[in-house]
Structure formats: structure tokens, C-alpha cells
Amino acid sequence: MVNIGDSVKRFDFDDKVQGRAVYTADLWVEDRIYAKIFRSTRQRARIVAIHLPKLPEGYEILDYHHIPGTNRVPIVYDDQPFLAEDTVNYYGEPILVVVGKDRDVLRRIMSEIMVDYEDIAPISSIEESILNPQGYKFADGSNKIEYTFTKGNPDIHMEGGEKSFVDSFNTGYQEHAYLETQSITCRVEDGNIIVHGSMQCPYYVVEGMKKAFDLDESRVRVIQQPTGGGFGGKEDYPSIPAVLCALAAIRTGKPVQLVYDRKEDIIASTKRHPSDISIKSYLDESNKITAMDIDIKLDGGAYAGLSSVVLQRTMFSSTGVYNIENLRVKGGAYATNNVVSSAFRGFGGPQSAFAIEMHMENIALALGLDPLEFKKKHFLRDGDLSCTQGKFLNGIKLDEISASINETSGYSLKRRSSEKDKELLKGIGFSIFAHGCGFTGAGESEVLKPKVRLVKYSDGTLEIFVSSSEIGQGTQTTLGKIVAHELGVPLERIVHKYPDSKFCPDSGPTVASRTILIVGGMLQQCAIEMKARWDEEEIEIIRTYKSPKELSWDNEKFIGNAYPEYSWGANVVEVHMDPATYQVEVDKIWTVFDIGTPIDLKIVQGQIEGGLAQGLGYGLMEEFRIRDGVPMQNSLTTYVIPSSKDFPQPEIRLIENPRKYGPFGGSGLGELPTVGVAPAIASAVQNALGKKVSRIPVTPEYIKELIDNGN
Amino acid sequence: MEINFTLNGKRVSISTEPTRRLLDILRDDLGLTGTKEGCGEGECGSCAVLLDGRLVNSCMVPAFAMEDKEVLTIEGFREHQRFKAISKGFEKAGSVQCGFCTPGFVMAAEALLRQNPHPTEREISEAIEGNLCRCTGYNMIVEGILTASREGDGLW
């Protein structure tokens with residue numbers, strides 16, 4: 001390992017390729033029993049009565065009365081019950097836990113449970129919530145969580161007589177579709193609850209256990225097993241199956257497995273927030289945007305959960321990579337009787353990136369200007385302030401990024417000559433975007449206070465103890481490399497196992513593109529300290545995160561550094577459409593990213609390629625819809641994710657731009673590739689059709705609608 | 001009913017329900033958990049095994065169809081020389097992330113290379129179309145199989 005970026009063999013490679021990695025469903029095959037969740041089949045109803053069948057010996061049915069502590073999932077807004085009480089508020093909401101030895105018997109019992117419901121008029125969409133604010137409300141008594149922030153003086157310009165442009169955009173749900181469904185096993189040992197599970201954030205699960213069972217932290221132990229993908233879907237959600245599995249384990253005294261089948265996972269687990277975003281821009285005589293007015297509405301679903309934080313990120317991302325001097329951003333996350341919306345790779349960023357990028361292109365086209373030149377004119381540059389008036393700590397390289405992607409893709413030339421390709425339904429699109437890395441505002445130092453622990457043993461082995469999970473993104477390897485590289489020891493000397501709350505301090509959740517930047521940065525600091533004490537036989541170093549002094553944040557007014565750091569990127573996508581079926585084929589993808597210093601080039605490539613595929617799926621094909629409260633997609637046959645034949649290999653370039661505070665100059669990457677690609681593809685379709693694309697996914701049905709009626 | 005078949009080169013005889021899924025027989029009855037369940041409806045390929053040399057989704061194979069068949073799972077195949085070539089290819093190409101789909105892709109690679117030891121990228125993409133991966137975007141898996149076919153030239 002000469003350079004930190006040189007690729008190494010992943011720590012988890014051998015176990016995974018050989019099929020030896022023990023995922024949650026692979027545990028305790030011999031002596032486990034099973035739990036299943038009985039769910040609501042109504043969108044919104046009062047539970048009048050529950051009729052239980054006669055149970056065979058060794059089988060039990062549990063409801064919310066069996067939860068001894070607080071029947072609420074602890075996460076930002078503690079409003080979601082683990083098990084429904086007197087009402088259900090979305091289709092698929094958990095009501096009962098059925099536990100026993102034989103899964104066929106459990107299925108039979110489930111089919112014999114009868115619930116008498118009394119339907120309550122539901123709120124099914126953002127529009128319905130606006131029309132009828134009393135119709136359905138979050139636990140705090142409001143039908144929405146809302147914020148507004150401003151920069152400069154938006155009103156002066158909005159009242160003026162300058163040119164203005166308005167667009168409205170709409171984005172749909174996205175399902176995580178990790179290959180391993182939600183999976184938990186739990187057993188009770190000497191009165192202590194031991195949870196093994198598929199998860200991103202072991203300490204969120206610890207918190208859930210403490211609340212639900214009224215237990216001291218010392219009585220709860222949470223261990224992450226190898227996890228078959230997360231993408232945000234295993235951030236907050238696993239607390240629910242974990243508590244329900246533990247409930248069954250406590251009740252029966254046996255080891256219990258709770259593994260979702262695919263259908264219930266798609267129906268009941270969280271989704272990416274659908275959004276309605278409108279943007280109005282005011283331009284002066286030189287066609288420079290002087291002010292912007294942005295309105296964001298998200299469908300939060302039945303419980304508020306993480307929606308406030310997702311909404312904040314959607315708002316803080318809403319001006320994209322542009323310097324807007326005068327700005328007003330309003331946002332609302334609405335209560336509806338739909339599945340709970342929550343974290344999904346990008347966390348509000350993809351919705352905003354789609355809206356702002358399409359809006360900027362639309363203004364340019366309306367003015368007869370080159371969209372790339374128009375965007376460049378508004379790029380954030382060194383010395384500019386972010387939309388929340390924060391200073392950027394590092395040099396901004398948007399000009400370099402756009403020049404690089406233009407050079408490698410030939411975008412400008414192709415775009416100019418694309419007029420003649422319209423009959424062939426060929427198009428090319430461009431997007432440029434950023435993603436804030438780390439928790440919002442001062443969250444890292446004031447809310448999370450993350451800790452890491454690094455130990456040197458007498459035999460010279462080093463062990464990393466953090467709660468950051470390995471969910472496929474390579475955390476075990478990249479954090480190991482940071483420590484080894486700083487200490488100058490061979491990578492083989494580093495031990496980095498899956499997190500276990502008994503040994504690993506709370507390093508914060510594995511979310512928000514924060515693991516390399518924040519946790520990796522702290523581990524590097526540990527290694528530096530260890531180097532100075534290297535002669536000691538055994539060393540243990542525990543560090544708590546301290547925020548750089550240059551950062552500031554006002555959490556009331558939303559003024560300051562919304563994120564500790566940013567990563568940046570651009571995409572160009574070429575497409576053509578089948579003139580008969582309107583199926584969009586992606587012919588070529590280019591991408592240029594500035595992620596500071598890459599910590600492992602192969603892992604970086606994997607994150608980029610996989611993130612792009614997920615973003616292309618979001619932009620083109622992944623459709624999850626709820627009709628009359630019932631999800632219309634409930635399998636991998638009806639919820640279609642990309643297959644091996646859908647997209648070509650992207651051409652990837654990285655811009656070197658080491659960060660001041662990231663380890664070896666590294667910054668975040670996990671979310672960035674998914675954030676920005678949908679607008680590139682929508683822009684390519686728009687270019688091919690000569691019609692405005694204002695919603696994603698851009699399905700053949702939508703394209704037909706545009707060809708028939710679009711403008 | 002009593003079912004006799006060959007599993008990873010050894011004869012086995014089990015007593016089970018005729019409609020029990022091969023996937024459950026492997027994972028729950030025989031403890032071979034390298035084969036994963038991703039969807040339970042033949043859509044994702046995480047449970048792929050070779051049945052008489054053909055790639056099948058074990059969630060779609062009932063016990064009664066197993067009589068006298070030969071089953072190869074990741075546990076049997078990983079002992080094979082050809083597995084080493086596929087493993088090397090996957091390592092070099094970065095084909096593995098969360099790993100849940102990986103055993104299925106390894107079996108799909110073996111099924112393809114048995115039929116076509118020198119596939120093109122397009123042929124590989126087509127051969128793995130029945131296996132879903134949510135982490136990689138597939139190109140690094142295609143590259144891994146291509147690398148395996150070169151590394152293991154002569155093994156298939």
C-alpha cells in the first residue's frame with residue numbers, strides 16, 4: 001500500500017465469496033423458533049376487535065400490551081408505535097407478533113386471525129393533507145413539519161418587474177430493495193437481551209430496546225451481522241423488527257428469528273419521500289438569477305420519524321451547486337396514511353437535485369442559452385456562501401469538474417448537434433450536483449458526540465472498535481486502511497470486526513456519507529496519538545469527535561454550515577428511445593467526482609457504479625405507487641430494479657482535491673452517485689423529445705403522455 | 001416422502017414433504033446456509049444452485065422434483081479448482097459488496113463458463129440477467145467473470 005487509494009483485498013471478501021459469511025437468517029439453524037408479524041390490511045381504521053384462533057401448544061400471539069416500556073420507536077420524532085394500539089394508520093402497519101416453532105403453522109395461524117376494523121377517512125396524498133389539514137396529523141398535533149429559511153433579501157427581487165421563470169416537479173417513491181430483507185434474531189441470556197441483526201445503526205437498535213423494555217443499556221447487547229445491503233432502509237427501520245423479535249424471545253425464552261419475506265418488506269418498510277417541488281427564479285437583464293423562491297413538499301407518511309431531517313436536507317440541497325444571493329426556501333413534510341417515508345441514500349438530496357437541475361436547464365432553453373454555460377455562470381465559487389450562508393472550507397472545483405466531463409463526454413458538441421437526432425429519439429443530458437457529508441448542522445458535535453476506540457495489543461495487532469457498520473460499502477476495509485496507513489503497519493495487523501455494542505462505543509449511525517469523513521478522521525487522530533506512544537506494550541485510545549472551530553450553525557434560523565463538508569460531481573448520459581415502446585435505453589454514462597482523496601479506488605468504483613445504477617433506476621424505472629392506500633407493487637417482479645442488461649459501464653473520472661479535515665484528505669462518497677444522475681437522464685429524455693420532463697421516474701407511459709400532450 | 005439425491009458429490013436421503021422447497025431443505029434441514037433467500041419467487045437468483053449442471057433458483061424447486069438429481073451448492077463448489085478462478089476474478093474486479101447475492105452469482109458464473117468458457121461481456125450480461133444485485137451496478141461482476149474466464153483458462 002504505497003498510496004492510500006491503492007486497492008487492497010477487502011476484509012470481508014473471502015467469507016462472502018465462499019458463502020461463509022453468516023447473515024442473520026443463517027444463525028442458530030438448530031434451535032431457533034420463528035416470529036411473524038400480523039399487519040393491517042386497512043389504510044386507516046380503528047381496531048374494534050381482534051379474534052384469535054385457538055393456538056397449538058408452544059405458539060403465542062403478542063400485542064402492544066406485552067411491551068413493558070414505551071411503545072414508540074425512538075428516532076427524532078418518537079411517534080411510531082412498535083405495535084398498533086387502537087388504530088392503524090397505514091396499510092401494512094404491525095398489529096401482532098405470532099411466535100412458534102413451525103413456519104407453516106405460523107402461516108396457518110396468521111390466516112386465521114380476524115380483525116374487525118372501523119374505517120376512518122384517510123389522507124392519501126400531500127394535496128389531500130393541504131385541503132384537509134385536520135384530516136390526519138402527526139403526534140405533535142400538526143399535519144406537517146415545516147421550516148422556512150432565507151438568504152439575502154428575497155422580497156426586493158420578487159416584487160420587481162424582472163423576468164421570472166417557474167417550474168414544478170414531482171418525484172415518486174423509491175424502495176431500497178436490498179437483497180437481504182429485514183432480518184433480526186434475538187435471544188435472552190442471564191436476563192440480558194442479545195440482538196443479532198441486519199442493520200446500519202446498532203445504537204439505534206440499543207435505544208429501541210431500552211425504551212420498549214425499560215432496560216438499562218448494560219442489559220442490551222446489539223451485534224451487527226453481515227448485512228445484505230442497507231441504502232438507508234436499515235437506518236431507523238430495524239428497531240421495529242428488533243423490538244418485536246425481542247418481545248417474542250423474552251416471552252418464550254427461546255432464540256427467535258424474525259426475517260421479513262419480500263412482500264412484507266416492500267409493503268411495510270420505509271421508502272424514499274415522494275416530493276412536489278416548485279421553484280421560481282428572478283433574472284436581471286444580463287440573464288443572471290438574482291433571487292429564488294423554492295417550495296418543497298414531501299409525503300412523510302403515517303409517522304414523522306426522520307422526516308424533519310430529510311426535509312432539512314432537501315431544503316439545504318435545493319439550490320444545488322449555484323450561488324443564489326437572495327433566497328427563500330419553504331418546506332413541509334406532510335402526514336398521510338401512507339407507508340412511512342424515511343432515509344434512502346441521498347436523504348432528500350436526489351429530489352432537490354432533480355428539481356434544481358431541470359429548472360436551470362429550462363430557464364436556459366427558454367432564453368435560448370446553452371444550459372451548461374448558463375449553469376456555469378451561476379456556479380458556487382471560492383468565497384461564495386452556501387444557501388445557508390456557510391463558508392466552504394475547501395476550494396470549490398466546479399469549473400474543473402464541468403470542464404472534465406465536457407471533455408470526456410463531448411457533451412457541448414453533441415448537444416449542439418443533437419437537433420438532427422430528434423427523429424431518432426436520441427438525446428444527451430447533463431447534471432452537476434453536491435452532497436453534504438456528515439450530520440446536519442452541528443449534529444456531529446452536539447447531538448451525536450461520536451466516539452471511536454483503537455487498541456494495540458502486546459503482539460502488535462491493532463483492533464478497531466467502532467459502531468460503523470459494514471453494509472457492503474467497504475467500511476471494514478477503508479477504516480482499516482486509514483489506521484494502517486497512518487501507523488505505517490501492514491494491513492494484516494489490523495483487526496476490524498462487525499460492530500458489537502458490548503465492545504464498540506457509539507460512533508454514530510452509518511448514514512449521511514459520514515463514515516470516512518468523521519469516523520475515519522477520528523481513527524486517524526487515534527493512530528497519530530498511538531504513534532507517539534508506540535513503545536508502550538498495550539495501548540487503548542478512545543476519542544470523542546470535536547467539530548472544527550471554523551464551523552458554525554444556528555439551528556433556529558438555519559444559518560451557517562449546514563454540513564461539515566461536501567462532495568461534488570457531474571454526470572452526462574446519452575439515451576435513445578424505442579419509437580414504438582418509448583423504452584429508454586441508456587447508451588453511455590460519464591461521471592466526474594470530487595471526493596477529496598479516494599481511500600480505495602476499487603471500493604470507490606463500486607460505490608460509484610452501484611450508486612449510479614440505483615439513481616438511474618430511480619430516474620427511469622423504479623415505480624412504487626399506492627392506490628386507495630394499498631401498495632400496487634409488492635414483489636421484485638412488479639417493483640423492477642435494474643438488471644445486468646439495463647445500463648452500460650460508466651466512464652469514471654476523479655478530481656483530486658484533498659480536504660482539510662478528512663482522513664488523508666478524504667470526503668464522503670456513499671450517497672453522491674445516487675444524488676445526481678436522475679436529472680441527467682431526465683435532461684437527456686427532454687433533449688430527445690423536445691418536451692419538458694417534470695417528473696421521475698421517466699417511464700414509457702409518461703413519455704407517451706409527453707409526446708401526446710407535453711410542451 | 002423419501003427423496004434421494006446427490007448433494008455436492010455425496011448421496012443423501014431425506015424424508016420431507018413433497019412440496020418443500022429445495023432452498024429450505026438446503027438451509028434449514030441440511031444447514032447449508034451459503035444459499036440465500038432474496039425473494040422467494042424466482043426473481044432474484046440469490047438462491048441459485050446447479051441442478052444436473054443447470055442453473056436453477058432453489059426457491060422454485062419442490063422436493064419431489066429432486067429424486068436422483070445432482071445438486072451443487074456454493075459449499076460444494078468452493079472446494080473446486082474452478083471456484084478459485086472465479087474467486088480470483090471477483091477479487092480483482094471488485095465484484096463483491098454486501099455479498100448477499102454473491103454465492104448466486106458465483107453459481108451463475110460456473111453455469112455459464114461450463115457452457116461457454118470464453119464468453120463476451122454481452123454473453124455474460126445475458127447469462128446473469130436472472131441474478132439481481134443492488135450494490136454493484138453489475139459491471140464489476142461482469143468484469144469478474146470475464147477475468148475468471150481468463151485466469152482459469154483451460155479449467156472449463
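This is a predicted model: local features need pLDDT of at least 70, side-chain atom pairs count only at pLDDT 80 or more; totals for chains, interfaces and linings use all residues.
Colleague: What are the bounds of the domains of chain A?

Modeller: The assignment gives domain 1 as 24-120 + 182-259, domain 2 as 275-440 + 558-709, and domain 3 as 443-544.

Colleague: And chain B: how do you know which residues of domain 1 and domain 2 are in contact?

Modeller: Contact requires C-beta atoms within 7 Å. By that test, 15 residues of domain 1 of chain B are in contact with 13 residues of domain 2 of chain B. The elements giving two or more residues to the domain 1 side are β3 (48-51) and β4 (54-57) of chain B, and β3(B) gives the most, with 3 residues. That side divides into 7 nonpolar, 6 polar and 2 charged residues. The C-alpha centres of these two domains of chain B lie 21 Å apart.

Colleague: How many residues of chain B are in contact with chain A?

Modeller: 41 residues of chain B are in contact with 42 residues of chain A. On the chain B side, two or more residues come from each of α2 (74-77), α3 (81-93), α4 (102-115), α5 (121-127) and α6 (139-151). By class, that side has 16 nonpolar, 15 polar and 10 charged residues.

Colleague: Turning to α15(A), what makes its span close to the expected one?

Modeller: Helix α15 (residues 515-532) of chain A has 18 residues.

Colleague: Where is the kink in α15(A) centred?

Modeller: The kink is centred on Gly521(A) and is about 25 degrees.

Colleague: Why is α15(A) called mostly covered?

Modeller: A residue is buried if 20 or more other C-beta atoms lie within 10 Å of its own. In α15(A), 13 of the 18 residues are buried, so the helix is called mostly covered.

Colleague: Which residues touch the most other members of the largest nonpolar core?

Modeller: That core has 257 residues, and those touching the most other members are Val195(A), Leu244(A), Cys245(A), Val483(A), Leu523(A) and Ile681(A). Beyond its neighbours within four places in sequence, Leu523(A) is in contact with Val452(A), Leu454(A), Ile464(A), Leu479(A), Ile482(A) and Val483(A).

Colleague: Why is Phe231(A) called buried?

Modeller: The cut-off is 20 or more other C-beta atoms within 10 Å. Phe231(A) has 29, so Phe231(A) is buried. Phe231(A) is in the loop between β11 (220-224) and α6 (239-252) of chain A, and has a positive phi of about 60 degrees although not a glycine. Most residues other than glycine have a negative phi.

Colleague: Is Phe558(A) buried or exposed?

Modeller: Phe558(A) has 23 other C-beta atoms within 10 Å, against a cut-off of 20, and is therefore buried. Phe558(A) also has a positive phi of about 60 degrees without being a glycine. Its place is the loop between β21 (553-554) and β22 (559-560) of chain A.

Colleague: Which residues does a cis peptide bond join?

Modeller: Ile696(A) and Pro697(A), with omega about 5 degrees. Pro697(A) is in the loop between β28 (695-696) and α19 (700-709) of chain A. Most peptide bonds are trans.

Definitions and conventions. Residues are numbered from 1 along each chain as its sequence is written. Chains are lettered from A and ligands numbered from 1 in the order in which they are written. Helices (H or I, at least four residues) and strands (E, at least two) are DSSP runs, numbered from the N terminus. The expected span of a helix is 1.5 Å times one less than its number of residues. The bend at a residue is the angle between axes fitted to the seven residues ending there and the seven starting there. A residue is buried if 20 or more other C-beta atoms lie within 10 Å of its own, exposed if 12 or fewer, and partly exposed in between; C-beta atoms are placed from the backbone. Two residues are in contact if their C-beta atoms, placed from the backbone, lie within 7 Å. Ala, Val, Leu, Ile, Met, Phe, Trp, Tyr, Cys and Pro count as nonpolar, Asp, Glu, Lys and Arg as charged, and the others, Gly among them, as polar. A nonpolar core is a set of buried Ala, Val, Leu, Ile, Met, Phe, Trp, Tyr and Cys residues joined through C-beta atoms within 7 Å. Domain bounds come from an automatic or database domain assignment.
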